[in-house]
Amino acid sequence: MRLSTHELDPRILRALGELTKPGLEAARRMIVRCGRNLVPNAPMGNRAWIESHLWNPTGNRQGWLRLDNAQGAIADALDLPWVRKVEWLKPPRSGSSTLTAALHIKKAAHDAANNVFYERTDGEAQNWSEKKLQPILKASTRIAHLVRPDSRSGTQDSWSDITLLNGAMIQCRGVQTDSNFKAIDGEQISLDEGGDPAFKSTGKGKEGSKVGQAATRSAQYAEPKMYIGGTPTTPDCMVVEEWEKSDKRTMRLRFPCCPDRPQELEPKVSEAGTPEEIRGGGLKFRCRDVTYDDGTVTREVAEIGYECAHCGRWMREDERNGAMEGAPFVATTQAKEKGNVGFYTWAIHSKDPSHRWGLIVAKYLSQRANPAERQDWTNLWLALPYVVAVEGRIDPHELEARCEPYEAPCPAGVRRIYAGIDAQEGSAKMGRPPRHEAVVVGYGAGKERWVLGRYVIDRTEVVDPDTGEIVHETLDPFGPDAARQIWALLDKEWVKPDGTTLKVSKAAVDIGFDWSRALAFCHHRESKRRKVVAVRGGKEARGSRRAPISTPPDKRQDRKATTYVLVGGGSLKDTLFQALGLPVGRPESLHFPDSLRGTDFFHQLTAECLQSDDQGRTWWDKHGAKDEPNEVLDCVIYADAAMLIDLANPRNSTARDDLGVDLNGTREVPEPYEGEDRSDQAGAPKHVTAGTPRSPGRRREEATKARAARVEAVLQRLPEEKRDVARARLQEVDAALTRAIEARRLDAAAPPAPPPPKPVARAVRRPNRFLNW
């Protein structure tokens with residue numbers, strides 16, 4: 001049979017079929033493979049997927065990648081649907097870069113989602129991609145089918161854009177170039193080394209916060225995630241600012257001695273058995289003297305351990321790993337930003353050989369001997385932001401070491417007692433109830449001070465009508481229950497060693513919170529009977545100082561319910577922090593009782609330090625977090641204000657006699673303390689009798705000298721490069737004031753101008769309205 005022109009010979013068709021079989025088989029396999037990739041993977045947690053799929057070919061922990069306790073807790077937190085941002089405040093060599101690489105590989109390989117990694121510069125991002133990300137990606141055989149093979153010309157992917165066969169991309173960028181935040185997107189964003197200033201770079205041509213720019217890259221996704229890791233540097237670095245918005249989680253360990261009472265490893269290091277020892281839990285060590293053959297004696301560390309805060313037993317370093325196994329991270333506060341979770345670890349949590357406990361103690365001793373190493377100690381070992389030491393900031397542990405036992409509730413040197421009382425609205429977020437805080441201070445000759453006690457009035461006792469039991473309820477500041485407790489405190493009799501008693505002479509109560517109720521309390525007849533005076537902190541411009549006590553500008557003395565005294569906080573803090581640096585026993589120095597050990601009294605007392613700017617202006621502000629409590633400092637300031645108000649009363653000569661001062665502020669000259677040289681004061685009078693008349697010119701001269709001394713004391717606290725600028729600015733202000741006073745004096749001395757002539761009264765004839773023209 002003859003074939004038509006459109007038909008082929010069956011033999012040819014069979015031959016063609018044999019030729020296409022390999023191609024059809026390859027096409028079928030490709031379709032199956034593509035179809036398998038189109039099916040999404042079953043959900044799997046970050047920690048479980050990383051430990052079952054990834055291989056670590058580098059470092060001292062080669063093998064299947066195993067996350068430690070902190071890394072695993074962070075990976076688990078990123079699995080939670082409500083978590084949007086995670087921060088890790090950590091020391092170096094904690095495994096943050098390895099964890100970041102593992103998280104990005106999991107997001108791309110398992111979830112098939114794009115992600116973006118940001119470093120300080122493009123060079124740092126390339127280094128992370130080539131030394132951390134790509135070695136793990138290529139060494140993990142269980143995800144090798146997703147990695148694109150190399151072509152004849154080399155690697156198909158660049159370091160900045162790595163594309164897997166499932167279509168997901170891992171993108172690496174530097175933050176210093178704003179264009180790196182454009183034309184890319186990712187469901188997960190990571191920022192490493194967040195303590196570097198590059199993440200805070202601002203100025204002309206910059207486009208704002210790096211965190212804000214990075215967050216826009218994941219805004220289109222339903223569940224965007226952001227991870228920020230880094231070692232802190234200063235309080236205003238990016239990782240610290242973001243961590244302050246989180247719930248601040250810390251690891252809670254079960255110590256072998258107290259397994260039922262978990263506790264955290266606090267960043268405290270001290271030498272046991274010395275005045276510098278920090279009471280309570282902390283890393284502690286003991287030293288011993290070692291004598292060598294040549295006769296030299298050195299002091300070496302003999303024992304190291306972490307003291308249990310509950311029983312005082314020292315946990316050894318080899319017991320640390322077992323206590324950390326499975327230890328949870330617990331939130332210490334409520335997050336200020338919804339969905340923000342923060343983790344904190346320091347060198348004691350690290351298993352890296354460079355963070356052995358002996359090396360931690362060695363670095364602690366080294367930074368004590370060399371102040372230049374303190375920033376490294378604070379940042380790299382404690383993983384805390386470093387605050388530059390400035391004059392006016394005092395170590396709270398040094399003050400706590402000065403605590404002494406009183407021979408009686410009121411020491412013998414106390415002659416008068418004053419109290420400062422503050423009111424706080426409280427915060428449910430910070431776990432602080434509404435309350436009153438009070439500090440009672442005793443004053444002796446030369447204004448020497450003894451802190452007698454600190455009191456927190458935050459609850460009241462009521463009887464439950466159903467059970468008849470006494471229960472505690474939250475206190476209402478300036479309410480009836482609070483008033484009764486404050487009056488009871490002011491009525492307390494303080495017994496001296498000789499059996500005599502003293503009561504509070506005057507109490508200053510801050511009315512800044514709940515103005516109307518505070519004034520009503522202060523002017524209540526029971527409050528007046530106990531010499532309660534209303535005070536309020538006066539507003540001070542940056543670099544200026546208000547008088548320690550003054551009357552408000554609107555002197556509405558006819559309305560007794562609105563009278564109060566303005567307090568110059570800057571001036572009183574200058575005086576207080578000078579007194580804290582005086583040796584105990586000197587005039588105006590402070591004594592502290594043993595009952596304040598182990599409390600936050602000294603941390604609150606030193607919560608502020610003297611700040612300065614390039615113009616030489618100084619002011620007092622908190623050196624830590626803005627929500628750090630400082631009520632103790634305010635109460636001590638108000639107690640000083642109460643003392644000054646009592647001394648300023650011209651009719652109260654008893655108070656001035658007790659403290660050895662007069663109306664002009666002159667005090668008795670005390671006996672010199674041991675080692676003090678007063679040879680130049682041999683001919684000086686012992687004291688000035690209260691009430692000695694002085695001419696107005698002499699009083700002005702003494703006031704000018706006292707002001708110059710105070711100004712010079714403040715200038716001496718400034719750095720040397722800022723001192724001359726501040727002194728020149730003060731001289732300009734003094735010159736302007738002198739010119740203004742001289743012009744005013746000349747105007748007053750000029751003869752008065754003649755009064756203007758009185759207008760001549762002219763008779764005006766008015767029409768008679770009764771006549772009708």
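A: Start with C609. In this predicted model, C609 counts as buried, at 1% relative accessibility. The cut-off for buried is under 20%. C308 is also buried, with a relative accessible area of 1%.

The structure holds zero of them. For C308, the closest cysteine sulfur is that of C311, 3.8 Å away. That is too far for a bond, because the cut-off is 2.5 Å.

Next, a covered strand. Strand β8 spans residues 225-230, and six of its six residues are buried. Both of its faces are covered. K225, Y227 and G229 are buried on one side. M226, I228 and G230 are buried on the other.

β8 also has strand partners. Strand β3, residues 85-89, pairs with β8 in the parallel sense over five bridges. Here W88 stands opposite G229. Strand β7, residues 188-191, pairs with β8 in the parallel sense too, over four bridges. In that pairing, I189 has M226 as its bridge partner.

Now the nonpolar packing. The largest nonpolar core has 84 residues. L54, V86, Y118, L191, F343, W346 and I360 touch the most other members. Helix α4, residues 96-109, gives the most to this core: seven residues. A separate core has 42 residues, with V565, L580, L644 and L647 among them.

Leaving aside neighbours within four places in sequence, W346 is in contact with P91, L265, E266, P267, K268, V269, I360, W381, L382 and A383.

V269, one of those contacts, sits in β11, residues 269-271. β11 belongs to an open sheet of four strands, in the order β11-β12-β13-β14. The pairing in this sheet is mixed. β11 and β14 (314-315) are the edge strands. Each has a single partner strand, so one side of each is left without a neighbour in the sheet.

Inside the sheet, β12 (residues 282-291) and β13 (residues 297-307) pair in the antiparallel sense over ten bridges. K284 stands opposite G305 in β13.

Helix α9, residues 357-369, lies across β11, β12, β13 and β14. Its direction is about 125° to β13. I360, another contact of W346, falls within the residues of α9.

Notes:
Residues are numbered from 1 along each chain as its sequence is written. This is a predicted model: local features need pLDDT of at least 70, side-chain atom pairs count only at pLDDT 80 or more; totals for chains, interfaces and linings use all residues. Side-chain values use heavy atoms; hydrogens and water are left out. Buried means under 20% relative accessible area, exposed over 50%, partly exposed in between (1.4 Å probe, protein chains only). Helices (H or I, at least four residues) and strands (E, at least two) are DSSP runs, numbered from the N terminus. Two strands pair if DSSP finds at least two bridges between them. A nonpolar core is a set of buried Ala, Val, Leu, Ile, Met, Phe, Trp, Tyr and Cys residues joined through side-chain atoms within 4.5 Å. Contact means heavy atoms within 4.5 Å. Axes are lines fitted to C-alpha atoms, for helices over the stretch in contact, and angles run from 0 to 180 degrees between N-to-C directions.
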